[in-house]
Amino acid sequence: MATTTVSVRPNTYAGTAWSWITTVDHKRIAVLYFVTSLAFFALGGAEALLIRLQLSRPELDLVHPDRFAELFTMHGTTMVFLALMPLSAAFFNLLVPLMIGARDVAFPRLNALSYWVYLFGGIFLNISFIAGGAPAMGWFGYAPLTATEFADTHAVDFWAFGLQILGVSSILASINFIVTIINMRAPGMTFNRMPMFVWMTLITGFLIIFAFPVITIGLVLLLFDRYLGTSFFLYQGGGDPVLWQHLFWVFGHPEVYILILPAMGIVSDVLPTFSRKPLFGYAVVAYSGAAIALVGFGVWTHHMFTVGLGPVADTAFAISTMAVAVPTGVKIFNWIATLWGGSISLRTPMLFAIGFIAMFILGGLTGVSLGSPPVDTQVQDTYYVVAHLHYVLFGGTIFGLFAGIYFWFPKMTGRMLNEGWGKVHFWLMMIGFNLAFGPQHQLGIDGMPRRIHTYGADMGWDAWNLMSTVGAWLIGLSMLIFAINAIRSLRSGRDSGPDPWDGGTLEWSMSSPPPVYNFAEVPVVDDRYPVWKEKHGGGHTGAAVAEPPAAETAHDDDEPHIHMPNPSYWPVLVAAGMVITACGLIFHQVFLLIGALIFGISLIGWIEEPPG
Amino acid sequence: MTVDAHAHEEHPTSTGLDSRKVAMWAFLGSETMFFGSLILVMLINKHNTLGVMLGHGDHTFEAGQGMLDLVLTSFTTFVLLTSSLAMVLALAAFRNRSINWGRFWLMVVVAFGAIFLGGQVYEFTAFVREGLTPSTNLFGASFYMLVGFHGAHVAIGILWLLAVVYYSYRGRYQGADTWGVEMVGLYWHFVDLVWVAIFTLIYLI
């Protein structure tokens with residue numbers, strides 16, 4: 001343990017395992033989200049490494065074709081629903097209350113419920129590997145591959161129920177954060193002064209509550225088809241497989257904005273800190289985020305250009321798809337303008353943030369090319385699409401999230417991540433990423449289809465595939481370095497103090513980790529960067545300095561008496577009841593009864609529990 | 001979903017609105033997408049040209065809609081819509097501190113909701129007896145799905161109303177804080193409103 005510690009470390013995380021299971025503190029729930037989502041990230045990454053190993057040379061047979069299909073399906077599902085979304089949720093939990101000057105979220109117990117439902121849902125989904133085989137129809141589960149006729153094990157049921165459960169978690173969490181942001185802001189923290197990450201959290205919340213119901217209905221129809229013999233997606237009974245594609249992508253396209261907007265918010269807060277100047281065009285960045293979300297609901301059939309919806313539909317959706325590039329481009333120019341003329345310091349978070357901009361531009365450009373129906377028709381279901389989506393979701397989201405991890409790790413833990421190893425991580429990941437996914441553009445143009453188990457030696461794809469595999473394993477190595485760095489820094493990292501980066505937003509005004517109650521006194525905010533204003537005066541905005549200090553910190557030695565919500569074990573029980581009920585629909589009816597009983601009793605217990 | 005009522009009284013919210021109410025509005029916003037998707041699925045299935053092309057879907061919907069008992073459902077629809085009036089009166093009574101009248105009107109809402117659900121159960125069993133199940137054809141699938149999903153919402157609403165009545169005997173909603181009645185009211189009016197759309201699209205058109 002660090003003996004040179006000067007500041008008193010708050011006992012935010014002290015306590016038994018039971019205190020973690022029953023916690024309703026947003027900071028602890030954030031830690032739970034971080035650990036769980038990074039574990040699932042490692043699992044999804046391991047699946048990717050196996051996929052790449054199988055494809056490293058032509059005509060290999062390291063992985064059985066059936067297992068291969070399970071691997072790419074579970075890789076996609078895990079990364080989207082169990083790794084990236086919850087990792088964003090970890091940041092929502094950690095940062096939103098700190099940034100808006102609140103002591104917790106609006107509904108702390110509901111927040112705990114969201115986490116436990118997510119954890120149990122993720123485990124439930126992965127039980128399929130040992131219970132008769134994992135889903136193997138691709139992460140968007142196209143009909144009729146999900147029909148009983150072609151998938152007679154419970155794999156699809158695991159997938160469908162699993163996504164339903166995760167949807168419950170996401171919708172509950174989103175309602176919670178929407179209400180928190182709308183209703184729990186500190187005095188003076190107007191919408192116009194919220195950190196950009198909070199803005200993007202709010203927009204993402206609305207995206208989730210409006211997009212997830214659509215996939216929920218799609219999955220309900222699918223389960224009816226499988227359990228009750230309806231034919232919503234089966235042409236034999238008069239149904240239409242394309243209906244599934246519509247329902248999936250009406251959800252699925254907003255989903256990619258659900259994945260990217262939080263990362264954009266993180267980058268919008270990291271860049272100003274390391275450029276020593278405020279975000280350029282604050283309002284435009286916020287509104288363009290809202291515009292992306294809005295237009296994002298009207299572009300879904302660009303995933304379906306080859307279905308044959310006709311030239312009118314294709315043209316309309318091509319136009320709306322290209323239109324998304326406008327607010328996205330606006331954001332990129334604003335980030336570049338934020339850098340422009342700033343005194344830039346290239347610390348690790350900044351490297352990841354700049355990497356985000358560069359890689360996301362590449363992914364965005366291939367996205368625009370895919371928005372053109374003739375191009376899309378040519379490269380549909382090839383590695384070009386795989387390259388594009390990884391440039392956006394890895395080059396974009398994951399680079400952005402790692403910028404956030406390096407940036408706020410000190411705030412969460414009170415210790416710095418090692419800067420040198422952080423830079424090694426960044427460069428290795430940057431090189432590995434481009435080596436892994438850059439060649440896939442060429443493979444796609446050459447016609448290599450995605451999701452194939454292997455390919456012929458005479459196709460001329462050997463070199464590109466080998467490069468891609470080497471790149472993937474470099475990414476794996478970089479993640480190993482990150483993991484070691486994180487563990488070592490947790491044990492013996494340099495003490496960060498409250499404000500290691502000279503940050504400007506409210507979370508830097510308190511100790512690291514923040515005390516249980518966050519703010520001893522609720523701060524009064526009069527600036528977009530209240531902590532900068534307190535430290536350096538209002539110079540950057542030209543405002544007067546005579547205002548009272550924007551934020552109060554807990555410097556007092558004696559703990560202030562602030563009443564925080566009591567811990568509760570009902571959320572974890574309600575979540576368990578929910579997931580056991582789902583088990584009943586797959587394994588044995590007795591679980592249905594047990595699950596429903598646990599769910600009902602815990603719900604009553606929850607309602608009966610004296611609040612606070 | 002109960003939260004610390006005292007905390008809300010001590011710290012006024014940024015908008016002045018009760019957080020629970022904002023959460024309810026967000027939830028109902030989400031619900032519009034649930035029902036919107038289901039209604040769209042129903043309409044798409046009604047005009048499913050693929051099925052007609054393959055010789056399945058034609059006249060399925062006309063035949064199915066011909067089976068509907070318009071008189072019965074018009075009556076239960078009237079009862080359900082009237083229950084919204086009782087809901088308004090219940091909230092008004094609780095706000096006026098006439099707890100007994102509030103309970104009375106809540107029970108009227110429960111009774112009317114039960115009549116509506118009873119009509120639906122009768123309709124479903126009659127259909128099954130006539131040979132229409134969810135797996136019979138696309139109309140059966142869409143009809144049972146949409147109407148059943150709404151019926152489940154009514155059933156949850158009834159349970160919720162009964163819980164509110166129960167907690168009114170446990171001393172809640174006696175003072176200025178009638179939020180529990182207001183929440184279930186918002187939900188109930190929403191479920192009623194959705195029925196207006198479903199009734200129009202399935203039974204009338």
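Is the crossing in which H6(A) passes H7(A) left-handed or right-handed?

Mentor: H6(A) passes H7(A) in a left-handed crossing. A crossing is called left-handed if the near helix is turned anticlockwise from the far one by less than a right angle, and right-handed if it is turned clockwise.

Before going further, some ground rules. This is a predicted model, in which local features need pLDDT of at least 70 and side-chain atom pairs count only at pLDDT 80 or more, while totals for chains, interfaces and linings use all residues. Residues are numbered from 1 along each chain as its sequence is written, and chains are lettered from A and ligands numbered from 1 in the order in which they are written. Helices (H or I, at least four residues) and strands (E, at least two) are DSSP runs, numbered from the N terminus.

Now the pair itself. Two packed helices are described by the angle between their axes and the distance between the axes. The axes of H6(A) and H7(A) cross at roughly 165° and come within 8 Å. An axis here is a line fitted to C-alpha atoms, for helices over the stretch in contact, and angles run from 0 to 180 degrees between N-to-C directions. H6(A) and H7(A) are therefore roughly antiparallel to each other. The classes are roughly parallel for angles under 35 degrees, roughly antiparallel over 145, roughly perpendicular from 65 to 115, and oblique for the rest.

The contact of H6(A) with H7(A) is made up of 24 nonpolar, five polar and two charged residues. Two residues are in contact if their C-beta atoms, placed from the backbone, lie within 7 Å. Ala, Val, Leu, Ile, Met, Phe, Trp, Tyr, Cys and Pro count as nonpolar, Asp, Glu, Lys and Arg as charged, and the others, Gly among them, as polar.

H6 (residues 99-129) and H7 (residues 138-169) of chain B pack at an angle of about 155°, with their axes 10 Å apart. That angle makes H6(B) roughly antiparallel to H7(B). The crossing in which H6(B) passes H7(B) is left-handed. Among the residues that meet are B:Gly102, B:Leu106 and B:Phe116 in H6(B), and B:Gly151, B:Ile158 and B:Leu161 in H7(B). This contact divides into 16 nonpolar, six polar and one charged residue.

B:Arg97, in the loop between H5 (70-95) and H6 of chain B, has a positive phi of about 65° although it is not a glycine. Most residues other than glycine have a negative phi, and most peptide bonds are trans. B:Arg97 counts as partly exposed because it has 13 C-beta neighbours inside 10 Å. A residue is buried if 20 or more other C-beta atoms lie within 10 Å of its own, exposed if 12 or fewer, and partly exposed in between; C-beta atoms are placed from the backbone.

Chain A has backbone details too. The peptide bond from A:Ala143 to A:Pro144 is cis, with omega near 0°, and A:Pro144 is in the loop between H4 (108-127) and H5 of chain A. Another cis bond joins A:Ser512 and A:Pro513, with omega about -10°.

Finally, the whole chains. Chain A comes to 17 helices and zero strands, and chain B to eight helices and zero strands. Of the 612 residues of chain A, 57% count as buried, while buried residues make up 36% of the 205 residues in chain B.
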